[in-house]
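Subject: Structure for you to look at

Hello,

Here is the structure I promised to pass on. Please open it first, then read my notes below.

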Amino acid sequence: VLSYRVAIMIKLYCFVVAGYIYLGSHRGDDITTTHNGSLWEPKWLRINFIQYVALMDAAAWTCLEFLLIVYVAWQRWPSLGYRSPGVPSLKWLVEHAFNLCF
């Protein structure tokens, strides 16, 4: 899963765009798809959808980054201080910990 995190997130973004378009399509109930504004001027459920997706996106990337740090640290902890080629160094660990914080 960690190797395919970008591909998985791109696929989820495609589903989000499809959901956003559906919310203004006028194809569902009047409450769910009719009064949500246009594509560039969202109202009601579209605005809520954007906010919820932004929160879920941040949470997903935070979880994936945390899993990546834990997995690499667990697998490579004895070699983080050495200068082996191809093995993540302590600098890599600090950079990803910084990414996790922001």
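This is a predicted model: local features need pLDDT of at least 70, side-chain atom pairs count only at pLDDT 80 or more; totals for chains, interfaces and linings use all residues.

I began with the rings, and the count of aromatic pairs is zero.

A ring does take part in another kind of contact, though. The charged end of Arg46 sits over the ring of Tyr20, at 4.5 Å from the ring centre. Arg46 is one of the buried residues of α3.

Phe49 is also in α3. Which residues does Phe49 touch, leaving aside neighbours within four places in sequence? They are Val16, Gly19, Tyr20 and Leu23. Phe49 is not fully covered. Its relative accessible area is 23%, so it counts as partly exposed, the cut-off for buried being under 20%.

Now α3 as a whole. The helix covers residues 45-76 and has 32 residues. From first C-alpha to last it reaches 45 Å, close to the 46 Å expected at 1.5 Å a residue. Its buried residues are Arg46, Val53, Leu64, Glu65, Leu68, Ile69, Val72 and Ala73. What covers them includes α1 (5-22) and α4.

The largest nonpolar core is made of six residues: Leu68, Ile69, Val72, Ala73, Trp92 and Leu93. Two elements, α3 and α4 (90-101), each give two or more residues to this core. The largest share, four residues, comes from α3. Trp92 touches Leu68 and Val72, not counting residues up to four places away in sequence. As background, nonpolar side chains tend to be buried together in soluble globular proteins.

Last, the charges. How many salt bridges does the structure hold? There is one. It joins the side chains of Glu95 and Lys91, at 3.9 Å from N to O. Both residues are in α4, and because they are four residues apart, about one helical turn separates them. Are the two partners buried or exposed? Lys91 is exposed, with a relative accessible area of 59%. Glu95 is at 39%, so it counts as partly exposed.

Best wishes

Conventions:
Residues are numbered from 1 along each chain as its sequence is written. Side-chain values use heavy atoms; hydrogens and water are left out. A nonpolar core is a set of buried Ala, Val, Leu, Ile, Met, Phe, Trp, Tyr and Cys residues joined through side-chain atoms within 4.5 Å. Buried means under 20% relative accessible area, exposed over 50%, partly exposed in between (1.4 Å probe, protein chains only). Contact means heavy atoms within 4.5 Å. The expected span of a helix is 1.5 Å times one less than its number of residues. Rings of Phe, Tyr and Trp (its six-membered ring) pair if their centres lie within 6.5 Å; planes under 30 degrees apart count as stacked, over 60 as edge-to-face and the rest as tilted. A charge sits over a ring if NZ of Lys or CZ of Arg is within 6 Å of the ring centre and within 35 degrees of the ring normal. A salt bridge is a side-chain nitrogen of Lys or Arg within 4 Å of a carboxyl oxygen of Asp or Glu.
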